[in-house]
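Reader: I am new to this structure. Could you show it to me and walk me through it?

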2 protein chains.
Amino acid sequence: MDIEQLTEKIGRIDKSSLVDKVEFKLIEFFVTKQLKPGDSLPKELELTDALKVSRTVIREALLRLRLMGLIDSKKKRGAILTSPDLVSILERSMNPRILDDSTLKEIFEMRLALEVGMADFIMERVTPLDIAALKFIVDAEPQATERHIFQIEHEIKFHGKLYEITGNSTMKKFQKLLLPVFDYVHSSGILSKPVSERRFVSHREIVDIIENGSAEMLRNGIRNHLENHFSRLFK
Amino acid sequence: MDIEQLTEKIGRIDKSSLVDKVEFKLIEFFVTKQLKPGDSLPKELELTDALKVSRTVIREALLRLRLMGLIDSKKKRGAILTSPDLVSILERSMNPRILDDSTLKEIFEMRLALEVGMADFIMERVTPLDIAALKFIVDAEPQATERHIFQIEHEIKFHGKLYEITGNSTMKKFQKLLLPVFDYVHSSGILSKPVSERRFVSHREIVDIIENGSAEMLRNGIRNHLENHFSRLFK
DNA sequence: TAATTTAATTATGTCTGACATAATAAATTT
DNA sequence: AAATTTATTATGTCAGACATAATTAAATTA
């Protein structure tokens with residue numbers, strides 16, 4: 001009889017810790033009770049009575065939920081349910097000095113992919129006001145000299161605005177989160193290829209595409225604009 | 001004198017809790033000691049002695065680090081440093097039933113953007129073996145009848161393979177993570193527009209582009225293939 | 001009476017010390 | 001030398017206490 005059949009027959013033992021179980025039970029509780037963000041949870045001591053476990057366990061489970069962004073607890077008021085913000089959860093772990101190089105490189109790549117792919121959302125949702133704002137940003141940029149210098153602040157301003165135009169706040173926050181990683185990867189020795197000095201599609205040209213072009217043109221424009229980064233990844 | 005100047009002069013008070021400080025100190029410790037994944041941490045009681053705080057506080061700080069994916073602790077062996085996996089951190093919070101609708105919709109959008117944007121990585125890194133695998137997947141798909149039926153399993157298989165080809169494991173895991181959300185959004189009432197039955201660029205055509213086309217063609221091809229989803233977002 | 005200050009309450013934050021449990025290392029037996 | 005038993009050790013769980021901050025109620029003052 002093979003192992004799988006055996007475990008099937010005997011049934012697997014529950015190796016999860018007490019805290020695991022409490023955590024699960026609490027989430028179940030939220031869902032079945034249809035609690036909405038802002039609703040308050042039972043107090044720690046009430047939970048100890050109800051679940052018959054120590055306050056330590058309750059606290060640890062609640063802590064997990066808090067780190068997941070599911071609840072928010074204040075003194076005296078107790079804990080209340082919140083709508084979890086995925087990005088701020090990631091934020092806690094997003095320390096470039098701790099992540100390993102290959103992960104950092106992959107995040108760098110994801111940012112590039114995301115930016116190329118968001119062209120459709122920009123074209124769909126851009127307003128005349130946005131275009132004016134983009135033009136304002138571009139006008140404030142220093143004239144490009146013969147050699148292209150990577151102006152990090154202007155890059156951030158321009159691309160940040162693009163994310164904003166998508167109207168997708170998760171994406172926008174994601175970008176903000178990825179920025180330090182991107183910067184770190186860009187300036188550290190992780191990417192072996194040197195930084196190219198060539199100029200490709202400029203910010204000004206991208207604005208022009210947004211104003212007069214199509215989603216397809218914008219995709220290609222952004223892709224080309226990012227060529228300096230892509231070429232460091234590809235041979 | 002305005003508030004800002006005042007706080008500048010007086011200096012802001014540290015409102016962080018003890019656990020916050022310990023957490024920070026521990027991370028500092030990792031970084032300055034240049035600990036690598038696999039290295040073991042001091043025991044809880046040693047930390048209690050070293051930092052002069054109770055074991056409760058130490059444990060809570062360690063718990064946070066564990067939830068961040070920074071450490072992994074086993075009985076007797078103590079805690080060891082690990083390289084955090086961002087995706088598995090997100091996984092804990094990615095419960096469609098708990099996230100609110102607007103966040104879910106934004107995640108849905110991000111997935112679309114990512115998929116369009118990853119075309120360059122696919123074209124750069126695809127191998128003949130990958131193409132053969134894609135063809136195999138496509139061949140196994142049922143013939144399209146006059147009406148396009150959304151075959152979730154085949155969608156997953158095909159698109160999963162695309163992510164795999166990018167060679168970016170973070171992106172691949174990200175997709176796997178987003179799948180339940182995507183499915184949930186697709187089939188729940190969050191998107192008001194109905195599911196279109198029209199057929200656009202097929203899987204087979206995408207494979208053909210990958211084999212014979214360019215990155216630009218693939219971007220457009222994937223975008224068109226996903227039109228059914230895009231059109232539910234845009235009017 | 002209204003506004004302010006003070007006191008009481010309450011729930012989380014921190015501390016201490018103890019025992020349970022599981023994984024490893026050491027000692028023993030075969 | 002291999003297998004078994006025992007001892008050790010570090011995390012997991014427990015219980016109860018006090019500290020602290022935020023809120024509410026009461027008291028005071030204008």
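Reader: Which residues come nearest to DNA strand C?

Author: Happy to start there! This is a predicted model, in which local features need pLDDT of at least 70, side-chain atom pairs count only at pLDDT 80 or more, and totals for chains, interfaces and linings use all residues. Residues are numbered from 1 along each chain as its sequence is written, while chains are lettered from A and ligands numbered from 1 in the order in which they are written. A residue is near a strand if its C-beta atom, placed from the backbone, lies within 6 Å of it. Around DNA strand C there are 20 residues, and those that come nearest are A:Glu44, A:Gly78, B:Ser17, B:Leu18 and B:Val57.

Reader: Which element gives the largest share of the surface near DNA strand C?

Author: Helices (H or I, at least four residues) and strands (E, at least two) are DSSP runs, numbered from the N terminus. Two or more residues each come from α3 (44-51) and β2 (78-81) of chain A, together with α2 (18-32) and α4 (55-67) of chain B. The largest share, three residues, comes from α4(B).

Reader: How many residues of chain A are in contact with chain B?

Author: Two residues are in contact if their C-beta atoms, placed from the backbone, lie within 7 Å. On the chain B side, 44 residues take part. On the chain A side, the number is 44.

Reader: Which element gives the largest share of the side of chain A that touches chain B?

Author: Among the elements that give two or more residues to this side are α2 (18-32), α6 (101-117) and α10 (169-187) of chain A. The largest share is ten residues, and it comes from α6(A).
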